[in-house]
Amino acid sequence: MKFEIKHESTGRIRVRVLPARMALEQADLLEAWLKGQPWAKDAVVHERTRCVILTYAGDRATVLSAIGSFTWAEAEE
C-alpha cells in the first residue's frame with residue numbers, strides 16, 4: 001500500500017493512504033488488520049480523509065515496512 005507520512009512522534013504516526021478514495025469497508029478492514037499486528041497498541045482509520053493514526057511499540061522501520069506491504073486482498077483473507 002502506498003502512503004505518505006503526515007506527522008510522527010515516538011510511538012505514534014499519522015499517515016495518509018494514497019488511493020484517491022477509501023470505502024468504509026476498506027477503512028474497517030485496514031483498521032482491523034492494524035489492530036491485529038503484534039506491534040500495534042491502537043489504530044484509527046478515517047475513510048473520509050484516508051488518514052491512519054497508529055500508536056505502536058517497537059521499531060519504526062518494521063511498522064513502516066508492514067504498512068507498505070499491506071494488500072487489500074491478503075487482509076480480506
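Reader: How many residues lie between β1 and β2 in their hairpin, and which residue in the turn has a positive phi?

Author: In this predicted model, two residues separate β1 from β2 in the hairpin. The turn residue with a positive phi is Gly 11, at about 80°.

Reader: In which sense do β1 and β2 pair, and over how many bridges?

Author: Strand β1, residues 3-9, pairs with β2 in the antiparallel sense, and the pairing runs over six bridges. For a point of reference along this pair, look at Glu 4, which stands opposite Arg 16 in β2.

Reader: How should I read the two faces of a strand?

Author: Side chains in a regular strand alternate between the two faces of the sheet. In β2, residues 12-17, the covered face carries Ile 13, Val 15 and Val 17. The uncovered face of β2 carries Arg 12, Arg 14 and Arg 16.

Reader: Which strand pairs with β2 over five bridges?

Author: That is β4, residues 51-56, again in the antiparallel sense. Within this pairing, Val 15 has Val 52 of β4 as its bridge partner. Val 15 also belongs to the covered face of β2.

Reader: Where does His 46 lie, and what does it touch?

Author: His 46 is in strand β3, which spans residues 40-46. Leaving aside residues up to four places away in sequence, His 46 touches Cys 51 and Ile 53. Its C-alpha atom is separated by 8.9 Å from that of Met 22, a residue 24 places away along the chain.

How values were computed. Residues are numbered from 1 along each chain as its sequence is written. This is a predicted model: local features need pLDDT of at least 70, side-chain atom pairs count only at pLDDT 80 or more; totals for chains, interfaces and linings use all residues. Side-chain values use heavy atoms; hydrogens and water are left out. Helices (H or I, at least four residues) and strands (E, at least two) are DSSP runs, numbered from the N terminus. Contact means heavy atoms within 4.5 Å. Buried means under 20% relative accessible area, exposed over 50%, partly exposed in between (1.4 Å probe, protein chains only). Two strands pair if DSSP finds at least two bridges between them.
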